[in-house]
Amino acid sequence: MQINSVQKYSIPQNNNIGFKSVYPIYHWLAEGGKGSYAPVMTEDLTRTLGRKMVKYMNTNLSKKAQEITETLRKENIQSNLREVLNMPELISKLPKQLQKMIAEFNMSKRVKLYLSRNDADFLSDPVARVFYNPNGGIKDGRKVPIAYLMTGKDVRIFEDNYAKPIGKTLAKGLKGSAEEKILKTNYWQQGYNFIKNRRKSFKFSSGEPAELHVKLETVRAKTGNLKGYNVVNMKYFPQDGLENPFVLSEWIK
């Protein structure tokens, strides 16, 4: 899944990604495919787009394929899923819900394939989670990540140590208790330290720390109401320097 530029990127060739699995993820958004892409700078919108990406990353493609196949059968569509995927003219004639299911299946497949080719931990354990930093953004002329993507074994470690203990406490009816407050503090402080320490290891073969940039476009109804967001493409870039999208687009000078 090749990414196009926010302006025009030129990434060094033969610059493979390292094998650690925590790194910043940035979202760039354009209005309905018109105009230039701008970085998402708020936690709220970052969370919305982050949830969308994680949904694609965590989709069980086999299960999703079975759901689509069953829906095709219920709609009395004689073609199987493989045939449908290879016939765009047929997809356009399917019920809207089926079109949506197929579009999400295709996007999940593309996103998972791209990550699998560049993130060895995701390849071996295809699970993803995002950690959000409320203090992210542009600070004193430098960017601080609003979101960090973790994949594979690091998701398991993070959840076991920082997320699940909170859930277990709430399940015991201890919401608002001192125990819950301690665990939430651990999540935001120790969990954040875990994230920052692990992200140092995700690098290009040249030694430069890497980060993931995702381009999306808004989708609007004929009335102009916002319906959602479509993923256009995604790619890893150096954290700093002239090849970084924030520098190329002059958000950081």
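Nine helices and eight strands make up the chain's secondary structure, counted as DSSP runs from the N terminus, with at least four residues (H or I) for a helix and at least two (E) for a strand. This is a predicted model, where local features need pLDDT of at least 70, side-chain atom pairs need 80 or more, and totals for chains, interfaces and linings use all residues. Numbering starts from 1 along each chain as its sequence is written, and side-chain values use heavy atoms, without hydrogens or water.

Next, burial. Of the 253 residues, 44% are buried. Buried means under 20% relative accessible area, exposed over 50%, and partly exposed in between, with a 1.4 Å probe and protein chains only.

Now the aromatics. The whole structure holds 16 aromatic pairs. Rings of Phe, Tyr and Trp (its six-membered ring) pair if their centres lie within 6.5 Å; planes under 30 degrees apart are stacked, over 60 edge-to-face, the rest tilted.

Take Phe-131 and Tyr-192. Their ring centres are 5.6 Å apart and their planes at 10 degrees, so this pair is stacked. Phe-131 sits in strand S3 (residues 128–132) and Tyr-192 in helix H8 (residues 178–199), so the pair links distant parts of the chain, 61 residues apart. Both Phe-131 and Tyr-192 are buried.

Tyr-187 and Trp-188 are edge-to-face, because their planes stand at 80 degrees, with centres 5.1 Å apart. Buried or exposed? Tyr-187 counts as buried, at 12% relative accessibility. Trp-188 counts as partly exposed, at 37%.
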